[in-house]
Amino acid sequence: MLQVNYIRDNREQVLDRLAVKNFKQPLLVDEIIQLDDKRRQTQTNLDNSSAEANAAAKQVGELMRAGNKAEAEVLKSKTGTWKEDIKRIGEQLAAIEDELYQKLVLLPNLPHSSVPKGTTPEENEVVLENGAKPELPQNALPHWELAAKYNLIDFELGVKITGAGFPVYKNKGAKLQRALISFFLDEAEKAGYSEVMLPLMVNEASAFGTGQLPDKEGQMYFVGNDNLYLIPTAEVPITNMYRDVILKADELPVKNCGYTPCFRREAGSYGAHVRGLNRLHQFDKVEIVQVTHPDQSYQVHEQMCLHVQGLLEKLGLPYRVLRLCGGDMSFASALTHDMETWSAAQQRWLEVSSVSNFETFQSNRLKLRFRNAEGKTQLAHTLNGSALALPRIVATLLENNQTETGIKIPEVLVPYTKFEWIT
RNA sequence: GGAGAGGUGUCUGAGUGGUCGAAAGAGCACGCCUGGAAAGUGUGUAUACUUCAAAAGGGUAUCGAGGGUUCGAAUCCCUCCCUCUCCGCCA
């Protein structure tokens with residue numbers, strides 16, 4: 001959520017930036033400013049009425065203590081109008097604040113100046129491409145066939161137990177999952193992230209804090225009996241650890257990593273592109289999150305991207321980095337880099353990580369602040385990235401490393417898997 | 001799930017209708033003291049909105065959350081959330 005004061009002070013720039021995101025309702029900006037004027041006016045009225053009423057109440061107390069009952073009664077009888085005023089203006093104010101809020105949440109975050117204009121994924125900017133695409137033999141198999149051939153993943157069994165999109169990992173397939181999780185967590189810890197293990201369900205306030213609510217409600221599984229949501233990403237519980245927190249300046253940057261399963265309803269997405277591991281309702285992911293000083297966040301973004309790229313390089317996977325264009329970025333992000341690996345058998349790029357800087361868009365809602373050099377509270381910047389999401393990594397690993405005799409495990413993983421080949 | 005107790009500032013903890021944004025202590029910050037430190041000592045120490053060109057200062061709200069009673073609520077009433085103790089259940 002953008003800050004109203006920022007919108008007031010930077011109207012032109014806000015409009016300009018929103019255009020990069022192809023925001024369709026620029027009139028909203030002026031409506032918000034006008035509504036905020038009205039809010040201030042009403043707030044002042046309410047405060048004045050309250051001040052008068054408070055003064056009168058105090059006076060009644062003094063009169064009572066002085067034994068001047070008659071005068072106290074007179075004053076009491078006069079308070080009725082203030083009470084009515086306070087109630088009426090209070091309701092007005094609440095209505096205005098609600099309306100203002102409803103409009104404010106419609107504004108997406110402002111994209112960073114480096115974000116290219118554009119509306120479709122084709123307009124994303126390829127920042128770099130790294131690693132050679134492997135040449136596979138003619139009879140190379142896609143990962144879902146490899147998974148069946150080597151008895152690594154049983155999709156049908158998952159359907160039986162739960163439904164489509166909930167695979168069962170078996171044998172070396174299961175061990176590979178565990179190995180990747182440990183490897184990613186160890187790498188994150190080496191990079192200075194402290195590990196957390198988190199609740200997989202969150203309450204409404206948390207889902208709201210990171211922006212899943214109210215706009216993305218349909219993407220989360222909801223446990224109605226207890227009013228809880230299954231997390232779509234560890235970002236939600238990790239970032240919410242810092243909800244309503246005021247950090248000391250020297251505590252920044254805060255760096256956390258965590259492994260969680262992620263649950264996504266992905267309603268209505270079926271077909272060839274979501275086959276196998278390409279899109280699931282439940283998948284595993286290690287997430288990295290930082291809370292930074294506003295001056296540092298873009299440096300940190302770069303550093304987080306390099307961390308993710310390092311993982312892909314260690315795994316020996318060809319990848320490319322995309323800077324998402326305004327139209328393809330998420331609502332809450334100011335800058336997003338996507339990392340994609342080349343899936344050799346499917347002959348397509350698969351998104352395996354997304355590293356975003358949210359600036360103050362999340363922290364404003366979360367009330368996540370720090371005390372700056374002047375001793376005042378200021379909103380911190382939040383960033384997060386996948387490091388990494390497992391299924392598509394598994395997909396590319398299986399496909400790219402397949403040989404006539406089996407699938408070769410990358411060297412860095414062998415200490416974790418304790419086997420070098422899947423045969 | 002049943003019975004009871006309770007939720008106050010960074011923490012401990014006082015406060016059962018008015019002078020309470022809230023005693024006291026601890027912690028923290030700055031100063032004095034000291035060769036330096038500890039001890040001691042002095043001062044300061046919530047957040048948000050708003051008024052003002054700005055600072056100073058002022059107003060309003062907030063004692064788990066929301067609602068109510070009252071001229072006036074941390075204090076009384078209702079609903080919800082959470083914590084603790086005992087019982088039940090249980091990995």
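Predicted model: local features only at pLDDT ≥ 70, side-chain atom pairs only at ≥ 80, totals over all residues.
A residue counts as buried under 20% relative accessible area, as exposed over 50%, and as partly exposed in between. Asn171 has a relative accessible area of 47%, so this residue is partly exposed.

**Positive phi angles**

- Asn171 is not a glycine, yet its phi is positive, at about 50°.
- The position of Asn171 lies in helix 7, which covers residues 171-190.
- Glu359, likewise not a glycine, has a positive phi of about 45°.
- Glu359 belongs to strand 13, formed by residues 348-359.

**Cis peptide bonds**

- A cis peptide bond leads from Leu252 to Pro253, with omega near -5°.
- Pro253 sits in the loop that connects strand 8 (246-248) with strand 9 (254-263).
- The peptide bond joining Ala387 to Leu388 is also cis, and its omega is near 0°.
- Leu388 is part of strand 16, which comprises residues 381-389.

**Packing of helix 2 with helix 3**

- Two packed helices are described by the angle between their axes and by the distance between those axes.
- Helix 2 (residues 11-20) packs with helix 3 (residues 27-65) at an angle of about 145°, and the two axes are 10 Å apart.
- The crossing of helix 2 with helix 3 is right-handed.
- From helix 2, the residues Arg11, Val14, Leu15 and Leu18 take part in the contact; they meet Val29, Asp30 and Ile33 of helix 3.
- The residues of this contact between helix 2 and helix 3 comprise five nonpolar and two charged ones, with no polar residue.

- Three strands form an open sheet in the order 8-14-15, and their pairing is mixed.
- Strand 8 and strand 15 (377-379) are the edge strands, each pairing on one side only.
- On average, neighbouring strands of this sheet are turned by 40° against each other, direction ignored.
- Strand 14, made of residues 369-371, pairs with strand 15 in the antiparallel sense, and three bridges link the two.
- Arg371 has Thr377 of strand 15 as its bridge partner.

Note on methods: Residues numbered from 1 in each chain as written. Chains lettered and ligands numbered in written order. Heavy atoms only, no water. Helix = DSSP H or I, 4+ residues; strand = E, 2+ residues; numbered from the N terminus. Buried < 20%, exposed > 50% of the residue type's maximum accessible area, 1.4 Å probe, protein only. Axes fitted to C-alpha atoms, helices over the stretch in contact; angles between N-to-C directions. Left-handed = near helix turned anticlockwise from the far one by under 90°. Contact = heavy atoms within 4.5 Å. Nonpolar A, V, L, I, M, F, W, Y, C, P; charged D, E, K, R; others polar. Pairing = 2+ DSSP bridges.
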